[in-house]
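Dear colleague,

I am handing over the structure below, and after it I set down what was found. Please keep the picture open while you read, and look up each residue as it is named.

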Amino acid sequence: MDELMRRRVYGAEHDDPDPGPRPGHAYRELSGGPLDGLLLDVTGWSDTRLAEGALLLTEIGDYGPGGHSDYGPRPGSDTMWDWRGDTP
C-alpha cells in the first residue's frame, strides 16, 4: 500500500505539492496508453459505473487536446483498468 500512496492521481495539477492518493478514497490503477501508471479516484462510483470504465480527457492521447482515453476493468482484477484506445 505504501507504493500506491506515492503514485500520482489523474486530474491532479502538475504544481500540486501532494498529487498522490488521499486516505479513505478508492482508486483504480490505469495500465497502458497515455495515462499509464496514474491512479483514478473512483470514490463513490456505483458498481455499474465501475463495470463500464471511463473516458478520460487527455492532451497526450492520439487525438491531442480535447481527446479522450478509454479505460476499463481488467478481468480478474479489482484494482487495474486497462487502456482500450483513444477517441476524439
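Glu29 counts as partly exposed, because its relative accessibility is 23%, and buried would require a value under 20%. Please bear in mind throughout that this is a predicted model. Glu29 is also one end of a salt bridge, in which its side chain meets that of Arg7 at 3.1 Å, N to O. This pair links distant parts of the chain, since Arg7 sits in the loop between helix 1 (2-5) and strand 1, while Glu29 belongs to strand 1, 22 residues apart.

Strand 1 (residues 27-31) is mostly covered, with four of its five residues buried. Towards strand 2 it pairs in the antiparallel sense over three bridges, and there Arg28 stands opposite Leu40. Towards strand 5 there are again three bridges, but here the two strands run parallel, with Glu29 opposite Met80.

Which residue of opposite charge has the side chain nearest to Arg28? It is Asp78, at 6.4 Å, and Arg28 is buried yet has no salt bridge; the reason is that a salt bridge needs the side-chain nitrogen within 4 Å of a carboxyl oxygen. The side chain of Arg28 does, however, reach the backbone oxygen of Asp78 at 3.0 Å. Beyond its neighbours within four places in sequence, Arg28 is in contact with several residues, among them Leu38, Val42, Leu50 and Trp81.

The side chain of Asp70 meets that of Arg84 in a salt bridge of 3.0 Å, N to O. Because Asp70 lies in strand 4 and Arg84 in strand 5, this pair ties together parts that are 14 residues apart in sequence. Arg84 is partly exposed, at a relative accessible area of 45%.

How many salt bridges does a search of the whole structure find? There are four, including one between Arg74 and Asp82, whose closest N and O atoms are 2.7 Å apart. Arg74 is partly exposed at 29%, and Asp82 is partly exposed at 21%.

With best wishes

Notes:
Residues numbered from 1 in each chain as written. Predicted model: local features only at pLDDT ≥ 70, side-chain atom pairs only at ≥ 80, totals over all residues. Heavy atoms only, no water. Buried < 20%, exposed > 50% of the residue type's maximum accessible area, 1.4 Å probe, protein only. Pairing = 2+ DSSP bridges. Lys, Arg positive; Asp, Glu negative; His and termini not counted. Polar contact = N/O pair within 3.5 Å; in protein donor to acceptor, adjacent residues only side chain to side chain. Contact = heavy atoms within 4.5 Å.
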